[in-house]
Amino acid sequence: MNIMVVDDEPLEREVLLDIVSKSSLEFDRCFEAENGRAALDQMRNEQADIVIMDLKMPVMDGIHAAAEMKDQYPQVKIIILTAYNDFDYAVKTVKIGVEDFLLKPVSPKEILASLSKITEQMGLHAVSMVYKEDASDAIQSVTEYIRMNLDEKLSLKQLADHVFLHPQYLSRLFKQETGKTVTEYITQKRIEKSRELLIQSHSSITEISQQCGFTDINYFSRVFSKLEGVPPKKYRTYHESLRKEKRNRFPYDKIM
């Protein structure tokens, strides 16, 4: 984590740098800039994660610099320092998305409290991102397992054991990530596979239903009809007629 201190007063910068360097905060580098423009130039060379910036500065003030930083580097966290207890300034910083607005003179305790709050939020955000990645990986693993085992009897517990999750938790997570329940997803994939087999294979409908994980052909036919609008036999017959029609329309394909 990098921290940048921005103030046109060298002494102010020195004091702030000293407060940060002597704190228990974990950071990689703490560097400085003398105004908003210099801070933006610095960001292009070495990005800061947190910027502590004075409001009133020559060349470019803190408000304009903060607005540009948030536009170019949305993830940056900004603390604005000012000697002006002006409500309009506070409103502007809120609109920009600044994390904190502190009135000078600022004590080391206030600075560190603000920094601690921000680093804690950043930590929670990082944990949340890891959680989302882990959740996505778990669901991807489950869907792949389903795809590879459509001919088997699949249970929620079996899938949960595969990714080391509690069944109820997996059920909620699966619905959240895919928009479908586990059962709905399995059924959808089984019907998709059955469509392919009905068109591409010469297996009987009973054999296809078994290959897709249906133990009861009548149940398979009901589910297929509900999702596809026609029973399996009619679906196959229709696509066979389409193939024949295509062959008759393009007889030279046989020769070629």
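In this predicted model, 60% of the contacts between residues at least 6 apart in sequence join residues at least 24 apart. The protein chain holds 12 helices and five strands. Its radius of gyration is 31 Å, well over the 18 Å that the globule rule gives for 256 residues, so the chain is more spread out than a compact globule. Here is a quick tour, from the whole chain down to single residues.

**Overall dimensions and surface**

- The C-alpha trace spans about 85 × 50 × 35 Å along its principal axes.
- Buried residues make up 35% of the 256 in the protein chain.
- Carbon and sulfur atoms account for 52% of an accessible surface of about 15700 Å².

**The nonpolar cores**

- The largest nonpolar core has 23 residues, and those touching the most other members are Met 4, Val 6, Val 51, Met 53, Met 69 and Ile 78.
- Six elements each supply at least two residues of this core: strands E1 (2–6), E2 (29–33), E3 (50–54) and E4 (77–82), together with helices H2 (36–45) and H3 (62–72).
- Helix H3 gives the largest share of this core, with four residues.
- A second, separate core is made of 16 residues, among them Val 5, Leu 16, Leu 81 and Val 106.

**Backbone features in the loops**

- A cis peptide bond leads from Lys 104 to Pro 105, with omega near -5°.
- Pro 105 sits in the loop that links strand E5 (100–103) to helix H5 (108–148).
- Val 59, a residue other than glycine, has a positive phi near 70°; this residue belongs to the loop between E3 and H3.
- Is Val 59 buried or exposed? Val 59 is exposed, with a relative accessible area of 71%.
- Phe 164 is another residue other than glycine with a positive phi, here near 60°.
- The loop between helix H6 (156–162) and helix H7 (167–178) is where Phe 164 is found, and its relative accessible area of 76% makes Phe 164 exposed.

Notes. Residues numbered from 1 in each chain as written. Predicted model: local features only at pLDDT ≥ 70, side-chain atom pairs only at ≥ 80, totals over all residues. Heavy atoms only, no water. Rg over C-alpha atoms; globule rule 2.2 N^0.38 Å. Buried < 20%, exposed > 50% of the residue type's maximum accessible area, 1.4 Å probe, protein only. Contact = heavy atoms within 4.5 Å. Areas by Shrake-Rupley, 256 points an atom, 1.4 Å probe, with all protein chains shown as cover. Core = buried A, V, L, I, M, F, W, Y, C linked by side-chain atoms within 4.5 Å.
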